[in-house]
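Here are my notes on the model you asked me to look over.

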Amino acid sequence: MSPTRTVKTGPPMQDLCAIVMAAGQGTRMHSDLVKVLHPLNGLPMISHVLEMCRRLGVKRTLGVIGYQAERVRDALGVLPVEFVVQAEQRGTAHAVLQAEGALQGFEGNVLVLSGDVPLLSDALVERLVTTHIKTRAHATLVTTRLASPHGYGRILRDPRGAFRAIVEEVEATPAQRRVTEINAGIYCFRAPRLFAALHRVKPSAVKKELYLPEVLPILRKAGGRIATVLAEDPREALGINTRAELAEAAAVLRRRVVDRLMAAGVTCLDPASVHVSSLASVGRDTTLYPNVQIEGRTCIGGGCTVHAGSRIRDSRLGNRVTVLDGCVIVESEIADDCAIGPYAHLRPGSHLKRKVKVGNFVEVKKSVIGEGSKVPHLTYVGDATLGERVNVGAGTITCNYDGFAKHRTIIEDEAFIGSNSSLVAPVKIGRGAIVAAGSAITQEVPPDAVAFGRAMQANKEGRAAEIRRTRGKK
Ligand code: UD1
Ligand code: CA
């Protein structure tokens, strides 16, 4: 599960390709979104399968797509996967057959995985492959035992326990439905024999679909050996067909990631409510408070504290960073010893250098804030570059947008911006300059100057008392 794990390329993985079935709509989800893109612990469901292929060092991974193919392609484009299209979803055997052309001439073994079975451990799939090779099987599959096997294909064995066939729930007799050993839908085949057998699969009796498990009796009857690998932990074989199963899988995955983090020295005050993406990393002696969400490829250093209700996505935090309650941090970079929040929003492209403080109700976007600078309260910093040891008073706004285009604000080292100032971009505040509170700054402020961008104050001596007197008469 560790994202830093090195990729395996040695035997038996070097001659291994993978096919990931992902063309179905997922009707049982009742969704406008194709099933395999439903987020699972912050990543599209199928990404968990593809990331495993990557970690295992599989030579080539082919994703079979069909329903909302373009959407799947767009979502997964960054991963090392080639796509083949199954235009019409005629069943899992038909899905795998679509990869035949792409694997023409490949004589090695092929893993067949399912985009909706995302909880497999690397160890289980490694055991599948090594068993397949050691037993010289023509096909090897993962099975498990479930107290309630509803919805899964059941494993049929002969009286001596040897594998015979798989029967799908809808096609099974009442007696077959009582079988508790199920097909996880995860297989290893010798590629040439798989494709030869796929051409011989006939449509099923009830649903008239081409079922992948049908290749197993075909291979067996041709004299091939079929091996099985039992997943001791049935949660690894969980197939996601419904929203309830999606939630179940998410809980398993969350707990797995949190357990791994705790084992590596992270404190989770309430492990059940902490959500950490499988691709995130968190350093030792970091503390995560309840209801924290760490999403995407976020990387958090050591000795940090993330308080309750904060969400951090695709960001890098250095060491000893404090994130107070209720912050949202997206695609940002935060160096060591920074303090953020409570209720701060760091939008994409925020880059905080060391020892920066970004306080209450501050929004930052596409800006660099230099070392030791402070933006403590109620401020918007957008499209700006702040130097070192700058102090930005409460309520300051960089007016970066004139209704047509965005403009930059530059604030040089040690400048001081008085509270409630509007810095109308493009504008530059020179090194060591002071902006008087309540200013609207529309022109460059030279270094070490004081800028008053507000109306002069006029005091009328005794006028308040006079007003009170005249009003009192009436
Ligand atoms: C399948 C297995 C079943 C097993 C279960 C494990 C078959 C016939 N049945 O059932 O034995 O217990 O998985 O989870 O294989 N897909 C395509 N093209 C198609 C049809 C499906 O790409 O034409 C993809 C789906 O998108 C999905 C995967 O194949 O990712 C499995 O299909 P699904 O319909 O979910 O099969 P199950 O009914 O779960
Ligand atoms: Ca399924």
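1. Start with helix α1: its buried residues are M45, I46, S47, H48, V49, L50, E51, M52, C53, R55 and L56. That makes eleven of the twelve residues in 45-56, so the helix is mostly covered, where buried means under 20% relative accessible area, exposed over 50% and partly exposed in between, with a 1.4 Å probe and protein chains only. Helices here are DSSP runs of H or I with at least four residues, and strands are runs of E with at least two, numbered from the N terminus.

2. Some housekeeping before going on. This is a predicted model, so local features need pLDDT of at least 70 and side-chain atom pairs pLDDT 80 or more, while totals for chains, interfaces and linings use all residues. Residues are numbered from 1 along each chain as its sequence is written, chains are lettered from A and ligands numbered from 1 in the order in which they are written, and side-chain values use heavy atoms, leaving out hydrogens and water.

3. Which residues coordinate the calcium ion (ligand 2)? They are D116 (OD) and N241 (OD1), at 2.2 to 2.5 Å. D116 sits in the loop between β6 (109-114) and α4 (122-134), and N241 in the loop between β11 (226-230) and α8 (243-263), so the pair ties together parts that are 125 residues apart in sequence. Both D116 and N241 are buried. Don't be put off if the site looks incomplete: donors are N, O and S atoms within 2.8 Å of the metal (3.2 Å for Na, K and Ca), and water is not among the atoms.

4. D116 and N241 turn up again in the largest pocket: along with R28, K35 and T92, they lie nearest its centre, out of 40 lining residues. β1 (16-22), α3 (92-97) and β10 (181-190) each give two or more residues to the lining, and β10 gives the most, with four. (A pocket is an open set of points on a 1 Å grid over the protein atoms alone, where a 1.4 Å probe fits, with protein on both sides within 12 Å along at least five of seven lines; lining residues have an atom within 4 Å of a point.)

5. Now the sheet. Nine strands form an open, parallel sheet in the order β14-β17-β20-β23-β26-β29-β32-β35-β38. β14 (281-282) and β38 (427-429) are the edge strands, each pairing on one side only. Inside the sheet, β29 (367-369) and β32 (384-386) pair over two bridges, and the bridge partner of I369 in β32 is L386. Pairing calls for at least two DSSP bridges between the strands.

6. L386 is also among the residues with the most contacts inside the largest nonpolar core, which has 49 residues; I429 is another of them. α8, β32 and β38 each supply at least two residues of this core, and α8 gives the most, with three. A second, separate core of 36 residues includes V112, A191, L194 and L210. (A nonpolar core is a set of buried Ala, Val, Leu, Ile, Met, Phe, Trp, Tyr and Cys residues joined through side-chain atoms within 4.5 Å.)

7. Finally, two loop residues. S421, between β36 (416-417) and β37 (422-424), counts as buried because its relative accessibility is 0%. Its C-alpha is 4.6 Å from that of S439, 18 residues apart along the chain. T379, between β30 (374-377) and β31 (380-382), is buried too, at 3%.
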